[in-house]
Every structure is written in structure tokens, then in C-alpha cells.
Amino acid sequence: MTMRSPLPVPTLSRRAKVVLGAAGVLIALFVVVGTLTGVYVDFLWFEETGFTDVFWTEIQTRALLFALAAIAMGAIVALNLYLAYRFKPAFRPMSLEQQNLERYRRSVEPRRKLAIITGSLVLALFAGFTAQGSWQTWLLWRNGQQFGTTDAQFGRDISFFAFDYPFYRFLLGFAFAIVLLSLIAAAGTHYLFGGIRLQTPGQKLSVAARVHLSVLLGIFVLLKAIAYYLDRYGLVYSDRGEVFTGASYTDVNALLPAKTILMFVAVICAVAMLANILVKNFVLPAVALVLLMLTSLVIGVAFPAIMQQFFVQPSANQREADFIERAIEATREAYGITDVDYVDYTQDPGTAATPEELRNDTETIPNARLLDPNVLSATFTARQQIRNVYGFPEKLDIDRYTIDGVTQDYVVAVRELDINALTGSQTNWINQHTVFTHGNGFVAAPANTVVAGAEGGEPDFTTLDLPVRGNIEVEQSRVYYGELFDETYSVVGAPEGSEPREFDRPEGGGGSEDPTNSTYDGEGGVSVGSLFRQLVFAIEYRERNFLLSGELNDESRVMYIRDPRDRVEKAAPFLEMDGDPYPAVIDGRIVWILDGYTTLNSYPYSFEQELGEVTQDSLTGQGTTALANDQVNYIRNSVKATVDAFDGTVTLYQFDTEDPVLATWMSAFPDLISPETEISDELREHFRYPEDLFKVQRDLLTKYHVDDPVAFFNSDDFWQVPDDPTDDTSTDVQPPYYILAQRPGDDAASFQLTSALNALERENLSAFVSASSDPENYGELQVLRLPGDTPYRGPQQVQQAFITNNEVRPDLTLFDSDESNAVFGNLLTLPIGDGGLLYIEPLYVQGTGENGFPLLQKVLVNFAGDVGYADTLAEALDEVFGPGAGEGAADGGADPAPTDPGAPTPSPTPSPDPGTPVECDQASVAAAAADISAALDALAAAQQSGDFAGIGTAQSALAAATDAYTAAYEACGGADGGG
């Protein structure tokens with residue numbers, strides 16, 4: 001047969017090769033320099049913080065996995081390519097197929113070594129980059145610690161599933177990839193060089209090709225046998241049970257034996273594949289493969305499906321009972337909800353708290369919180385910002401302090417540098433990075449009261465101003481690390497004796513003679529005094545001023561990675577951090593306190609959750625950071641961390657000494673985490689039960705409080721987290737709230753995180769869960785269970801009762817106007833005594849102007865369906881429980897806010913005496929409405945001008961006019977007569 005001459009292979013010109021080569025070198029140079037610069041900057045950060053062991057452990061582990069994976073992949077694939085070429089047939093029948101391939105053979109033949117090396121190198125790099133991403137899986141396997149408990153099905157320690165099983169799966173997947181790619185590469189090479197002849201008459205495979213491919217196929221099937229073996233253990237993660245996680249009745253009685261049988265069948269098939277080396281016939285391995293596939297379909301798919309459909313499902317609640325018990329027990333253990341204190345709690349109106357009991361209450365009512373930290377950021381900004389360069393987070397924080405022997409919860413915030421608030425010349429590089437470098441100050445206000453003066457409705461700041469003054473002593477108030485810094489960096493430091501240049505605080509603040517500017521004298525930041533370091537940071541931030549600006553000197557330091565959460569995550573990359581760091585004053589210094597979680601997604605029988613989804617509530621993104629949407633089925637708050645706001649020092653403390661996952665990480669990073677014994681008493685007093693962990697646990701408690709497996713299967717007595725009733729623009733769930741209150745059975749008030757729980761698909765209240773933050777009983781979970789035969793009002797129903805109340809509704813209409821908006825604060829649920837839940841909600845009014853901010857206007861109370869609505873909590877309690885009930889409230893003895901006689905405000909219409917009958921007078925209704933309008937105008941004008949005295953006076957006038965309007969309105973028959 002005549003063979004056609006192959007077409008010539010196009011080649012590049014010399015000039016094109018030079019240009020392409022130069023471009024490739026430049027691109028590679030930029031990539032390499034950029035990567036190395038980033039790695040070096042990271043190293044400098046770890047060196048500054050004292051965590052270089054973390055840096056080197058991660059780098060070395062990644063490098064080891066990269067090298068092992070790359071060498072294994074590259075070497076094995078290259079070996080198979082070489083063998084396929086080395087044993088190519090010496091003679092190839094010249095069929096049309098072979099003629100078409102000849103062109104490619106001539107193209108590859110001179111470059112075969114380069115092709116083998118290049119192809120293997122590409123696959124090696126890909127494998128290495130993929131494998132190094134599993135460095136945490138490697139460290140967990142290498143350092144795994146025993147749990148001390150075994151799983152219910154196989155009797156293996158939980159550590160096998162937590163640490164070993166994921167690593168074995170990683171190895172198996174990698175081995176499959178190597179063999180599969182080697183098989184494809186070998187088959188392709190054999191085909192190209194004639195070892196495989198698909199369209200040529202006669203023998204389709206050469207002897208060498210048959211032997212080579214048989215070995216690879218045998219190894220592949222042998223790996224499949226190992227996969228079947230591991231699949232047996234993977235049944236503990238099965239979701240066949242639908243309502244629970246873990247091996248079900250069908251899994252244990254049908255699929256588990258099937259996996260064992262398939263494992264032996266796969267071994268037989270692998271032997272048949274290898275036997276083909278000698279048998280020289282593909283009939284035997286083909287029959288073996290068909291047998292494996294049929295066996296897999298019949299006993300691995302069909303038989304379990306038939307058992308599930310016709311034997312299990314008709315009586316699933318009974319068949320699955322034992323396996324549901326396993327899932328309940330494992331889930332409770334994995335999420336730390338095994339020792340929950342369940343209390344049967346009856347809210348019986350017939351045994352409701354009396355005015356005398358409320359008056360004598362010294363734990364819950366006096367600490368009832370009126371300030372909502374999620375609302376008051378604008379108020380803190382208006383009253384305590386001081387300069388435009390400062391700011392407060394969108395969500396403030398709640399913490400407690402003991403002052404003069406009295407423990408009280410406070411709304412707290414740090415006056416941070418707000419880089420986004422800089423304007424005009426403040427935004428040039430020098431000002432943005434060398435002058436405005438830090439915030440200054442700590443602000444706190446008692447959460448249970450407001451100012452009872454001319455500026456009524458505002459927080460009663462007890463720690464405030466610059467220099468900081470008040471009842472919380474702050475010795476170092478400068479804030480170089482905080483939540484508002486984001487990606488920004490600052491250059492600080494100067495030689496001793498040089499003129500200070502960093503803006504510190506307004507001149508003469510508080511009568512101090514301290515200079516306006518300051519020079520950083522702490523240990524934070526990375527030294528950037530040398531030319532080499534300046535070049536490195538100029539490349540890293542793409543900023544030439546590091547090289548050209550005269551602001552840098554031998555003492556200059558660069559501060560970066562300044563968000564507390566980012567710093568801890570970088571220092572301990574294996575931790576999942578809670579989304580809400582909070583500030584506290586410890587030993588006179590401002591520190592950020594953070595909660596770190598150890599998590600797994602491989603705890604057997606435990607229900608798996610999406611962390612980002614289950615921790616989402618109506619406040620996520622508003623001052624709190626959403627967690628990554630990772631799949632987890634085990635979580636522990638094993639680490640407490642602090643970040644010093646002045647020098648950025650990161651300190652990690654072991655907090656759960658019984659967590660085997662943390663013990664494993666501490667084995668991998670032995671010097672990273674300090675023992676629990678180093679936590680000071682003062683620091684421990686400020687630890688809060690973390691919000692994200694609580695949200696995970698409360699979601700699980702809606703189901704896993706049920707003990708009976710049949711009731712669990714039927715979703716009997718399930719609960720649900722209620723939607724946030726105060727946010728009508730969102731369908732997200734209600735966030736948990738920190739309160740200082742007395743729990744049933746306790747002798748005193750405790751700081752706790754709480755949440756109401758509704759009945760499933762109902763708005764009725766079913767339970768109330770709380771987690772203690774007190775050092776003496778930290779972490780104790782208590783659930784108050786309400787009787788299921790009585791429909792108690794849930795948060796949504798209480799909110800509806802508030803907004804439809806005859807006294808509240810007219811005020812809301814007035815407050816929601818062109819000049820102002822009504823803002824509902826957090827709806828708190830407070831247990832009262834041994835049989836009642838009291839709802840308290842503050843109502844704020846905020847001007848619609850650019851500088852408007854919310855001020856407390858009213859307080860709403862609900863107990864057993866009775867609504868109280870007044871200017872103060874004390875008055876609202878009196879309305880619900882009778883005279884004298886509110887004397888125990890923090891505002892029970894407060895005097896009305898005095899007015900400024902010189903302020904230009906409208907004359908309010910006097911409120912009528914409640915005991916005097918009022919006749920309908922349309923003129924009175926109109927006059928009161930006019931007074932309300934005038935008061936709102938005065939309020940808006942005062943807010944825009946920053947006249948706080950005028951604001952207080954206008955609010956007093958507005959309150960009086962509102963009362964007069966309400967009385968006149970009701971005297972005219974409400975909506976019918978007031979038309």
C-alpha cells in the first residue's frame with residue numbers, strides 16, 4: 001500500500017521564539033517576585049507576632065505534600081509514558097489509521113523526551129498544588145489524639161473517623177488519579193505508536209500494550225477494592241435515614257454486607273486483570289469486570305433500595321428507632337449539648353408576679369436592658385465621635401463590669417480610626433498612612449438606663465471623652481488595631497526627640513495640656529527602616545512612597561493585618577473564629593476578646609450543618625462577620641483569644657481542656673496556645689458565651705431535645721427559631737441577646753446569652769434557652785420548657801400586640817413621618833420568678849436628617865398578654881402589674897427631664913388627668929396634632945444643628961403633645977370619631 005507523505009509541521013521563526021521567550025521570562029519573573037514578596041511579608045508578620053513556628057510548620061507541610069505528590073504523579077506518569085514508548089511495536093501494518101498517525105509520530109519522535117518531561121511536569125505541578133491544600137488533613141492524621149469513645153457500629157475510636165478516615169480517603173483519591181492518568185497516558189502512547197490498533201485488521205493489541213494496560217487496570221480495580229473497604233466506614237455519614245444522619249437500618253443490614261462482598265469481588269477482578277499477563281486473552285478480565293458491575297448493581301443498589309422501599313419504610317419509625325438513638329446521642333455529644341438543664345416552666349396568669357414581688361426583685365428587673373447595641377451606633381457617633389476621623393462599629397457590644405461591688409451590663413465601644421471617613425486633604429498618602437494612624441478611647445454606658453435630664457433618651461455615658469474619663473479606668477487608650485481598619489496599613493514610629501506627627505486627639509481635650517499629636521512607642525508593627533524592607537513593602541502595596549517619602553525613617557514600623565479577627569485567624573489558621581469580637585478593658589488596657597472554634601465534618605452519626613447558614617440572623621453583616629459556609633458536624637469553643645488594641649499582641653488560651661481536636665492541633669503547634677491556667681481572673685470575668693456557637697446549638701436544640709426516637713422521627717414536639725419581629729424588611733431569624741438576669745433556680749443574676757424558641761411552624765412560644773457566661777458556671781445551658789397544651793405568645797405575636805395597641809398605634813403613626821422614624825429595639829425575653837416570661841422592648845425615635853440618631857422615647861412591656869406602654873420601664877411595669885411594680889426598675893426613681901426655658905420650642909398641650917372624663921373635642925384633637933407637628937419640626941432642627949439641650953426639650957414637648965393627642969383621640973371614639 002502506498003503511504004501518503006505527511007504534511008509538514010509548522011514552525012516558529014527565530015524572532016518569534018525570542019519574543020515569546022522574553023515575554024514568558026518577564027511574566028514568570030513578575031509572578032515569582034510577587035509571590036516571594038507576599039511570602040516574605042507574611043513571614044515578617046509572623047516574626048513580629050512571635051508565631052514563626054506556625055509559618056514554618058505550614059510552609060514545611062505544604063512543601064512536603066507538594067513534593068511527595070508531584071514526585072509520585074510525575075515519576076509514575078513519566079515511567080508509564082516511557083514504558084509505552086519503549087515497548088512500541090517494531091512493525092506496524094500500514095493501514096489508513098496508521099497512515100494518519102504517522103504524521104503525528106514524526107512530529108513527536110524528535111521531541112519525545114521533551115514531551116514526556118513536559119507532560120509529566122505539568123501533571124506533577126497540578127498534583128502538587130492540589131495536594132498541598134490538604135496540609136491540615138495531613139497534620140490531623142500525623143498528630144491525632146484519642147477521643148476515648150467509640151462509634152456504635154464498628155467499635156472504633158472516634159479519632160479514626162475524625163483524623164484517619166479523611167486522610168485515607170485523600171490518599172485513595174490521589175492514587176486513583178495517578179493510576180487513571182497513567183492509564184490514559186499509556187493507552188494514548190500505545191495508540192500513537194501502534195501498540196493499539198483499533199481500525200486495523202488483525203491483532204488489536206501488541207503483547208507489550210496488553211501487559212502494560214492489564215497491570216494498570218488491575219491496580220485500578222485493586223484500589224476499588226480498598227474503596228469498598230473504606231465505604232463500609234463511610235456508612236456512618238449516610239443520609240439514607242432522611243431525618244437523621246448515620247448508618248440506617250438498610251445501611252447496616254443490606255449495604256454493609258454488600259460493600260464487604262464487593263470488596264472481595266473487586267480483589268478477584270484485580271487478580272483476573274493481572275492474570276491476563278499470562279493468559280493473553282481479555283475474555284477473563286472482561287468477564288470479571290462485568291461480574292463486578294452486575295454485583296454492584298444488584299447487591300449494592302437494587303437490594304438496598306428494595307429493602308428500604310418494601311421492608312423499612314412501611315414501619316420506618318420502628319425499624320430506624322435504634323439508629324435514631326445513635327444519631328441523637330452522637331449529635332448531642334458532637335455539639336456539646338449533652339448536659340442541658342431542662343426546666344418545666346409554667347407561665348400561669350393566675351400565679352403571675354405581684355407588684356410587691358417585682359418591687360422587691362433585685363436581680364432581673366433592675367438590670368432590664370433598655371439600650372440596644374444594634375441600634376445605638378449612630379447615637380454613640382453623634383455624642384462621642386469628637387472628630388470626623390473617628391468612628392464606631394455598626395454594631396456595638398454588650399459586656400459587664402463590676403464597679404464598687406455592683407455588677408452591671410454596659411453597652412461598650414472603642415473609638416476607632418475610620419479610614420473611610422477621611423475627607424479632602426486627609427486622604428493623601430501622608431495623612432492617610434502616617435498621620436491618621438489610630439483611634440483613641442473607650443466608651444461605655446449602663447445598658448439599663450438613659451440620661452434623666454435635658455437630653456433625655458440618650459445613653460448615660462459613664463466612660464467617655466478624650467482623655468478618657470469615667471468609672472472604667474483606661475490607662476492606654478490608643479487603638480491601633482480594631483474592626484474598622486480592614487485592609488489599611490499605617491506607618492508609625494520616629495526617632496527619639498523628633499516632633500510627634502500622628503494625630504492623637506483634639507488639642508486641649510478635657511483640659512489636658514498633652515500635645516495633640518503623638519509618636520507610637522509600642523512594639524507593634526514590622527520594622528521598615530532599611531532600604532530593602534522599604535522596597536519589599538513598595539512592591540507588596542504597589543506604593544512608591546515607601547521609597548520616595550521622607551516620612552519614613554530608621555524607626556518606622558508598618559502595621560498591617562489590623563483587624564483582630566484576621567490576626568487570630570492568621571496566627572491559628574485551623575480555628576474558625578466567631579463573627580463578633582468585642583472590646584474589654586483588662587488591667588487598664590483595651591483588648592479585643594475573640595472566640596475560636598475547633599470543627600470537624602467527619603464525626604460519625606452527627607447531624608451536619610452549614611456553618612454560615614445556621615449562624616445567619618437579622619444582624620449578620622451589620623457589625624458581625626458571616627462565617628464561612630463550611631459543612632461541620634462537630635464544634636467546640638476550645639480557644640479564647642485576645643488582641644491588644646495598642647500593640648496588636650495576639651494571645652491564644654486553651655479553654656476546653658477535654659477537646660481532642662484542640663489537643664491534636666496543640667501537638668502539631670506545641671508552642672502556639674497558652675494553657676488555661678494563664679487566664680487571669682479579670683480577663684475570665686469578661687468572657688462571654690459566643691454567639692455563633694449558641695446559634696448553632698439553639699438550632700439543634702429545636703430537634704435534639706427530643707429523647708424518644710419515634711417522636712423524633714415524627715417531628716413531634718419540634719421547635720423552631722422565630723423570625724426577628726423587629727425587622728419587617730427581613731425574613732432572617734431573631735438574634736440571641738445578652739442579658740443580666742436571674743435564672744430560675746439561681747440565687748443571683750448572671751450574665752447570659754438567651755433566645756426564645758417557638759413551636760414548629762407556629763408563632764407560639766415553646767421554650768426559652770440560655771447559656772451562662774459567669775465564671776462559676778460558664779457554659780451551662782438551660783432550657784425552660786413551656787407546657788405544650790397552652791398557646792403562649794411568641795415574639796412575633798408580642799410584637800403584633802405592641803404595634804396594634806390603641807396607645808401605641810397613634811404614636812407610631814406620628815413617629816413615622818417625613819422628619820423622623822420609629823425604631824424598635826431588641827425584644828428581650830426575661831424569666832420572672834418561677835412562672836413567667838416578661839417581654840421588654842425599647843422604642844426609639846430617629847430624625848431623618850443626615851445627622852439624625854435614635855433616642856429612647858418609649859418602653860413597651862408584655863406579660864401574659866397584658867401590654868404596658870410608657871416613657872419609662874417603671875411606668876410600663878406599673879401599667880401591667882399595678883402601682884409600685886416598677887419601683888425596682890433602674891428608672892423607677894428617675895425624675896422627668898428638665899426643660900431649658902430659653903429654648904425656642906412649641907408650647908405643649910397639657911396631658912389630661914387620667915381620672916377625669918374627657919369629652920370629645922375635635923378642636924383639641926387638631927390643636928394637639930399641630931403641637932406634635934411643631935415639636936417634630938423643633939426636634940429635627942435641633943438634631944441638624946447638634947443642639948442636644950434643644951433635642952431634650954423638643955422630646956419633652958413631643959411626649960406631652962402625644963399624650964394630649966391620645967387622650968383627645970380616644971375621647972372622640974378612636975378612629976371612628978377622630979376622622
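Ser530 is found in the loop that runs between β14 (526-527) and α15 (531-541). This placement, like everything below, is read from a predicted model. Ser530 has a relative accessibility of 34% and therefore counts as partly exposed, since that class lies between the buried limit of 20% and the exposed limit of 50%. Along the chain, Ser530 and Asn553 are 23 residues apart, and their C-alpha atoms are separated by 8.5 Å.

- Val443 belongs to strand β7, which covers residues 442-446.
- The relative accessibility of Val443 is 0%, so this residue counts as buried.
- The C-alpha atom of Val443 is separated by 9.6 Å from that of Tyr410, and the two residues are 33 residues apart along the chain.
- Gln782 has its place in strand β27, residues 781-785.
- With a relative accessibility of 5%, Gln782 counts as buried, because values under 20% fall into that class.
- Gln782 and Tyr342 are 440 residues apart along the chain, while their C-alpha atoms are separated by 5.9 Å.
- Val706 lies in a loop, with α21 (691-704) on one side and α22 (709-713) on the other.
- A relative accessible area of 7% makes Val706 buried.
- Between Val706 and Ile328 there are 8.4 Å from C-alpha atom to C-alpha atom, and the pair is 378 residues apart along the chain.

**Helices α6 and α7**

- The two helices α6 and α7 pack with their axes 10 Å apart, at an angle of about 160 degrees.
- This angle makes α6 roughly antiparallel to α7, because angles over 145 degrees are counted in that way.
- The crossing in which α6 passes α7 is left-handed.
- In the contact of α6 with α7, the residues divide into 24 nonpolar, four polar and three charged.

**Aromatic rings**

- A search of the whole structure for aromatic pairs finds 55.
- One of these pairs joins Phe176 and Phe220, whose ring centres are 5.1 Å apart and whose planes stand at 65 degrees, so the pair is edge-to-face; the cut-off for that class is an angle over 60 degrees.
- The pair links distant parts of the chain, for Phe176 is in helix α6 (residues 158-192) and Phe220 is in helix α7 (residues 207-234), 44 residues apart.
- Phe220 has a relative accessibility of 28% and thus counts as partly exposed.
- One aromatic cluster is formed by Trp138, Trp141, Phe154, Phe160, Phe161, Tyr165, Phe167, Tyr168, Phe170, Tyr229, Tyr233 and Tyr237.

**Charges over rings**

- Arg319 has its charged end over the ring of Tyr249, at 5.9 Å from the centre of that ring.
- Lys858 is placed over the face of Tyr869, and the distance to the ring centre is 5.3 Å.

**Backbone features**

- Leu466 and Pro467 are joined by a cis peptide bond, with omega at about -10 degrees.
- Pro467 is located in the loop between β8 (463-464) and β9 (469-470).
- Tyr605 is not a glycine, yet its phi is positive, at about 70 degrees.
- The loop that holds Tyr605 runs between β18 (589-600) and β19 (609-610).
- The relative accessibility of Tyr605 is 3%, so Tyr605 counts as buried.
- Glu761, also a residue other than glycine, has a positive phi near 60 degrees.
- Glu761 is found in the loop between β25 (749-759) and β26 (764-772).
- With a relative accessible area of 65%, Glu761 is exposed, because this value is over the cut-off of 50%.

Conventions:
Residues numbered from 1 in each chain as written. Predicted model: local features only at pLDDT ≥ 70, side-chain atom pairs only at ≥ 80, totals over all residues. Heavy atoms only, no water. Phe/Tyr/Trp six-rings, centres within 6.5 Å; stacked < 30°, edge-to-face > 60°. Helix = DSSP H or I, 4+ residues; strand = E, 2+ residues; numbered from the N terminus. Buried < 20%, exposed > 50% of the residue type's maximum accessible area, 1.4 Å probe, protein only. Lys NZ or Arg CZ within 6 Å of the ring centre and 35° of its normal. Axes fitted to C-alpha atoms, helices over the stretch in contact; angles between N-to-C directions. Parallel < 35°, antiparallel > 145°, perpendicular 65-115°, else oblique. Left-handed = near helix turned anticlockwise from the far one by under 90°. Nonpolar A, V, L, I, M, F, W, Y, C, P; charged D, E, K, R; others polar.
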